[in-house]
Amino acid sequence: MKHLVLFLLLACLPANLAAAAEALSAPVNLGFEMGTLGTTPAGWTVSPGGLAAVLLQESCPEGARCARLTRRDSGPGADALVQVIRAEAYRGKRVLVRGAI
């Protein structure tokens with residue numbers, strides 16, 4: 001079941017997104033504290049398509065900074081703000097992912 005869920009998650013991402021993003025050995029800038037305000041957060045990649053990701057310093061639900069995701073068009077499709085991370089260090093471990101909407 002774990003493999004099926006992972007496969008479905010990966011299948012939902014645009015095919016060229018993983019190829020465009022460099023694989024990291026560990027996650028970086030998870031709290032969006034690094035980077036220039038008004039730009040895509042440092043260490044993160046935006047999927048090609050209609051998504052804009054902007055680093056903000058106001059109205060953040062947690063921490064000093066956050067990222068706002070906005071669709072530039074109303075067409076169909078899925079967009080993402082992602083980090084591609086090598087899985088070797090996490091094999092056999094439980095990983096918790098959370099976020100605020």
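The model is predicted, so local features rest on a pLDDT of at least 70 and side-chain atom pairs on a pLDDT of 80 or more, whereas totals for chains, interfaces and linings use all residues. Residues are numbered from 1 along each chain as its sequence is written, and side-chain values use heavy atoms, with hydrogens and water left out.

The protein has two helices and four strands, where helices (H or I, at least four residues) and strands (E, at least two) are DSSP runs numbered from the N terminus. In order from the N terminus, these elements run α-α-β-β-β-β. Of the 101 residues, 20% count as buried; buried means under 20% relative accessible area, exposed over 50%, and partly exposed in between, with a 1.4 Å probe and protein chains only. Among contacts (heavy atoms within 4.5 Å) between residues at least 6 apart in sequence, 52% join residues at least 24 apart.

Strand 2 is largely enclosed by the rest of the structure, because five of its six residues are buried. This strand pairs with strand 3 in the antiparallel sense over six bridges, pairing being assigned if DSSP finds at least two bridges between two strands. Within this arrangement, Ala 52 stands opposite Thr 70 in strand 3. In a regular strand the side chains alternate between the two faces of the sheet.

The structure holds one disulfide, defined as a pair of cysteine sulfur atoms within 2.5 Å. The disulfide joins Cys 60 and Cys 66, whose sulfur atoms are 2.4 Å apart. The angle about the S-S bond is -75°, and the link of Cys 60 and Cys 66 is left-handed. Cys 66 has a relative accessible area of 13% and is therefore buried. Ser 59 is placed in the loop between strand 2 and strand 3. This serine is exposed, with a relative accessible area of 72%, and its phi is near 60°, a positive value in a residue other than glycine. Most residues other than glycine have a negative phi, and most peptide bonds are trans.

A search of the whole structure finds two salt bridges, a salt bridge being a side-chain nitrogen of Lys or Arg within 4 Å of a carboxyl oxygen of Asp or Glu. In one of them, Arg 98 is bridged to Glu 62, with the closest N and O atoms 3.6 Å apart. Arg 98 lies in the segment after strand 4 (81-82) and Glu 62 in the loop between strand 2 (51-56) and strand 3 (66-71), so the pair ties together parts that are 36 residues apart in sequence. Both Arg 98 and Glu 62 are exposed.

Another salt bridge is formed by the side chains of Arg 71 and Asp 79, at 2.8 Å from N to O. Arg 71 is partly exposed, its relative accessible area being 32%, and Asp 79 also counts as partly exposed, at 24%. Ser 47 is found in the loop between strand 1 (45-46) and strand 2 and counts as buried, at 3% relative accessibility. The side chain of Ser 47 also reaches the backbone nitrogen of Ala 80, at 2.9 Å.

The structure holds one aromatic pair. Phe 32 and Trp 44 form this pair, which is tilted, with 5.2 Å from centre to centre and 35° between the planes. Rings of Phe, Tyr and Trp (its six-membered ring) pair if their centres lie within 6.5 Å; planes under 30 degrees apart count as stacked, over 60 as edge-to-face and the rest as tilted. Phe 32 and Trp 44 both lie in the loop between helix 2 (15-20) and strand 1, twelve residues apart. Both residues of the pair, Phe 32 and Trp 44, are buried, and the relative accessible area of Phe 32 is 17%. Phe 32 also has a positive phi of about 55°, although it is not a glycine.

Key
Polar contact = N/O pair within 3.5 Å; in protein donor to acceptor, adjacent residues only side chain to side chain.
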